[in-house]
Amino acid sequence: MQPTAECTDSDLYRAIVDQAPDVIIFADRTGAIRVWNGGAETVFGHSAAEVLGESLDVIIPERLRKAHWDGFHKAIDNGQTKYRNQVLTTRSVHKDGSKLYVELSFGLVRNGSGTIVGSLAIGRDCTARHLKAVAQSSASCAKQTE
């Protein structure tokens with residue numbers, strides 16, 4: 001794609017990331033947030049200004065942090081994510097403390113020389129759909145025991 005006079009490739013990529021309706025988060029090798037788009041602001045309630053440079057812990061429930069960081073560091077060290085080519089439904093937390101379910105896919109980002117510079121997560125809020133499915137499953141189980 002050729003950049004137009006109004007928009008360079010870099011400007012275009014930034015606009016796409018910023019304006020994507022889905023969550024797009026990039027964290028560097030230390031787990032510090034470096035990219036936080038509008039979709040992430042909508043789902044998690046934190047503005048980019050609040051979280052840029054901060055740890056991913058702002059959206060990870062405390063009880064899941066050890067498992068998250070173990071997997072994060074293993075992926076960075078090994079150059080491969082555990083959930084490559086998969087979408088994972090996981091728990092998260094909103095700025096107001098409410099619990100969320102989010103569907104996330106993960107990838108590692110490499111620079112031009114192939115060195116891993118961090119991790120990318122793309123996803124969306126699936127809380128309503130997840131809770132509806134759980135409620136339907138519970139209702140189905142209740143009917144079977146009657």
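Helices (H or I, at least four residues) and strands (E, at least two) are taken as DSSP runs and numbered from the N terminus; the expected span of a helix is 1.5 Å times one less than its number of residues. The model examined is predicted, with local features requiring pLDDT of at least 70 and side-chain atom pairs counted only at pLDDT 80 or more, while totals for chains, interfaces and linings use all residues. Residues are numbered from 1 along each chain as its sequence is written, and side-chain values use heavy atoms, with hydrogens and water left out.

Helix 4 contains 14 residues and spans 20 Å from its first C-alpha to its last, close to the 20 Å expected at 1.5 Å a residue. Trp69, Phe72, Ala75 and Ile76 of this helix are buried (under 20% relative accessible area, with a 1.4 Å probe and protein chains only). These residues lie on the same side of helix 4, because they cover an arc of only 130 degrees around the axis, the arc being that of the directions from the helix axis to the C-beta atoms. An α-helix has 3.6 residues a turn, so residues three or four places apart point the same way. Strand 1, strand 4 and strand 5 are included in what covers the buried residues of helix 4, contact meaning heavy atoms within 4.5 Å. The face turned away from the buried side carries Lys66, Ala67, Lys74, Asp77 and Asn78, which are exposed (over 50%). Helix 4 is followed by Gly79, which has a positive phi near 75 degrees.

Pockets were located on a 1 Å grid over the protein atoms alone, a pocket being an open set of points where a 1.4 Å probe fits, with protein on both sides within 12 Å along at least five of seven lines; lining residues have an atom within 4 Å of a point. Grid points are joined across faces, edges and corners, and a volume is the space filled by probe spheres set on the points.

The largest pocket holds about 800 Å³ of space. Its lining comprises 32 residues, of which His68, Phe72, Tyr83, Leu88 and Phe106 are the closest to the centre. Two or more lining residues come from each of strand 1 (23-28), helix 4 (65-78), strand 3 (88-93), strand 4 (99-110) and strand 5 (116-125). Helix 4 gives the most, with 8 residues.

The second largest pocket has a volume of about 180 Å³. Tyr13, Arg14, Val17, Ile24, Phe26, Val35, Val109 and Leu120 line this pocket.
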